[in-house]
Amino acid sequence: MKINFEHHQTAHCENGVASNLLLNKGLKLSEPMIFGIGSGLFFVYLPFLKVNFAPGFSYRPMPGSIFSKAAKRLGIKIKRQKFSNPKEAQAALEKNLEQNIPTGLQVGVFNLTYFPEEYKFHFNAHNLVVYGKENGRFLISDPVMDFATSLSEAELEKVRYAKGALPPKGHMYFPTYIPETVNLEEAIKKGIKDTCKNMLAPVPLIGVKAMRWVAKSIPKWAEKKGTKVTNHYLGQLIRMQEEIGTGGGGFRFIYGAFLQEAAVILKNDELKELSKEITAIGDLWRDFAVDIARVYKNRNSKSDIYNQLSKSMLHIADLEEAFYKKLRKAI
């Protein structure tokens, strides 16, 4: 069983799987376009939820929501299934392959045998496509890799049933209906409006208000919890920003690419300028991550470093708030 499926490398797994699955069905949409229509830019702070002994931070929405929102706004229908029994999950996947249906899977990263060791960590919301089976091995298109690969039945079962936070539970998904024509203009506008609404939300847990809450908390952590705990929290913050789920800093660059495409489709030059603005903000997030990494590795001896990091993040939050207000007005 082998489906004629084109493997394309992308920056982020969920966008990449969505783009590759749709391309296989004849709908060509870039990774940034999927990301923008699916409102992939996000920020959430959950101080009461502990992840790896640190507060919950995320620069992305819940796994699966980007593709689900993009599909809904484009009139595409997706079927999603989970299985309590691994054998049933494998049988359902093989049935899809027999029917020439390339299938998206949610998996755990840690036991992916083709991943370099330095990329492996316990994260259960990775996405890939299975597009065939040969000699007892499943053919894998993982969009973050530059080549297609394969996994044995046992290896695939292990990652489909990874334990821990957000367990995949055999989750598989695939498009079942794609309209002959899609209204890109309307989908783009809905995606942008939703992103602006989330990032400018009046509640302190999400968007720029959550960024400010985290920023103001940094010096307080140092004062109340000490250097070791504070550095651990900051390490978790930049791990979520730069590594897990591709990282929120990098998402600013993908969104900039989306706005460039959207400017042409909507014939709106203002979006081109805003594309440059969010890209520059992405650079500041990267600088912020480098500064934290230096602190974490004890390579920064400035006495008021935690106050400086707080000010840097507050500055980024101010820039993002101004950006989303301009973006909301532009469309």
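Q: Which word describes how α7 and α9 lie to each other?
A: Helix α7 packs against helix α9 (residues 269-296) at an angle of about 125 degrees, and their axes are 10 Å apart. Axes are lines fitted to C-alpha atoms over the stretch in contact, with angles from 0 to 180 degrees between N-to-C directions; helices are DSSP runs of H or I, at least four residues, numbered from the N terminus. Angles under 35 degrees count as roughly parallel, over 145 as roughly antiparallel, 65 to 115 as roughly perpendicular, and the rest as oblique. The relation of α7 to α9 is therefore oblique.

Q: What pLDDT do local features need in this predicted model?
A: Residues are numbered from 1 along each chain as its sequence is written, and side-chain values use heavy atoms, leaving out hydrogens and water. The model is predicted: totals for chains, interfaces and linings use all residues, side-chain atom pairs count only at pLDDT 80 or more, and local features need pLDDT of at least 70.

Q: Which residue is the bridge partner of threonine 103 in β5?
A: Strand β4 (residues 103-107) pairs with strand β5 (residues 126-134) in the antiparallel sense over 5 bridges; pairing requires at least two DSSP bridges. In β5, threonine 103 has as its bridge partner valine 130.

Q: Which elements give two or more residues to the lining of the largest cavity?
A: The whole structure holds 1 cavity of 30 Å³ or more (a set of points on a 1 Å grid where a 1.4 Å probe fits but cannot get out; lining residues have an atom within 4 Å of a point). The largest cavity has a volume of about 60 Å³. Its lining consists of Pro86, Ala89, Gln90, Leu93, Phe138, Glu153, Leu156, Glu157, Arg160 and Tyr161. The elements giving two or more residues to this lining are α4 (86-98) and α5 (153-160).

Q: Which residues lie nearest the centre of the largest pocket?
A: The largest pocket (an open set with protein on both sides within 12 Å along at least five of seven lines) holds about 710 Å³ of space, a volume being the space filled by probe spheres set on points joined across faces, edges and corners. At least two lining residues come from each of β1 (44-51), β2 (54-58) and α7. Of the 27 residues that line the largest pocket, those nearest its centre are Val51, Phe123, Ala165, Leu166 and Met240.
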